[in-house]
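Visitor: Please take me through this model one feature at a time. I would like the general idea before each case.

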Amino acid sequence: MAVDELVALADRLLLWRIFGRLLFRTRCYKRSLVLFRLLRLHGHDARAVIGIDREGPGLVAHAWLTVDGRRLMDPTFSPPRSWIAMLEIGDRVEKVTGA
C-alpha cells in the first residue's frame, strides 16, 4: 500500500468523529507511533521524531513522522514553529546529534 493511502486510512480511524466529537483523543505522539508501526509493517522507511520548540516561552514538544526523508504533515496540529528534533525512532531509538 502507498504511503499516502496508509496515512489517509490511519487519519480516518484516529480522527473518527461521533456527533462532532473525536472518538479517540489523538495527539501528535499517538498519531506518529501508530503511523510509524503501520508504515513499517508495509515496508516503508518511516521514522518517528520527537522535538521541542526552544524559541517560545516554556517547553513545548511535538512528534512527527518522516518517510524517506519527507516530513508528513499532521492534519490537527501544525503550528508555524521551528521544531528541533531531539529523538528519532527508526530501526532503533537515537538521540539526534547537535540537539
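Visitor: Which residue in E7 is the bridge partner of Leu87?

Guide: Strands of a sheet pair through backbone hydrogen bonds, either parallel or antiparallel. Here, the partner of Leu87 is Lys95 in E7, and Glu88 has Glu94 of E7 as its bridge partner. Strands (E, at least two residues) and helices (H or I, at least four) are DSSP runs, numbered from the N terminus. This is a predicted model, where local features need pLDDT of at least 70 and side-chain atom pairs count only at pLDDT 80 or more, while totals for chains, interfaces and linings use all residues. Residues are numbered from 1 along each chain as its sequence is written, and side-chain values use heavy atoms, with hydrogens and water left out.

Visitor: How many bridges link E6 and E7?

Guide: Two strands pair if DSSP finds at least two bridges between them. Strand E6 (residues 84-89) and E7 have three bridges, in the antiparallel sense. With three residues between them, E6 and E7 form a hairpin.

Visitor: What is the strand order of the open sheet?

Guide: The order is E5-E4-E3-E6-E7, five strands with antiparallel pairing. Strand E5 (70-72) and strand E7 (93-95) are the edges, each pairing on one side only. On average, neighbouring strands are turned by 35° against each other, direction ignored. Helix H2 packs on this sheet, where it touches strand E3 (46-53), strand E4 (60-67), E5 and E6. The direction of H2 makes about 20° with that of E4. Contact here means heavy atoms within 4.5 Å. Such angles run from 0 to 180 degrees between N-to-C directions, and axes are lines fitted to C-alpha atoms, for helices over the stretch in contact.

Visitor: How many bridges join E3 to E6?

Guide: There are five, and the two strands run antiparallel. Gly51 has its place in E3 and stands opposite Ala85 in E6.

Visitor: Is Gly51 buried or exposed?

Guide: Buried means under 20% relative accessible area, exposed over 50%, partly exposed in between (1.4 Å probe, protein chains only). Gly51 counts as buried because its relative accessibility is 0%. Leaving out residues up to four places away in sequence, Gly51 touches Val60, Ala61, His62, Trp64, Trp83, Ile84, Ala85 and Met86. The C-alpha atoms of Gly51 and Met86 are 4.9 Å apart, though 35 residues separate the two in sequence. In the protein, 31% of the 99 residues are buried.

Visitor: At what angle do H1 and H2 pack?

Guide: Helix H1 (residues 3-14) and helix H2 (residues 28-41) pack at about 135°, and their axes are 10 Å apart. H1 is therefore oblique to H2; angles under 35 degrees count as roughly parallel, over 145 as roughly antiparallel, 65 to 115 as roughly perpendicular and the rest as oblique. H1 contributes Val3, Leu6, Val7, Ala10, Asp11 and Leu14 to the contact, and H2 contributes Lys30, Arg31, Val34, Leu35, Leu38 and Leu39.
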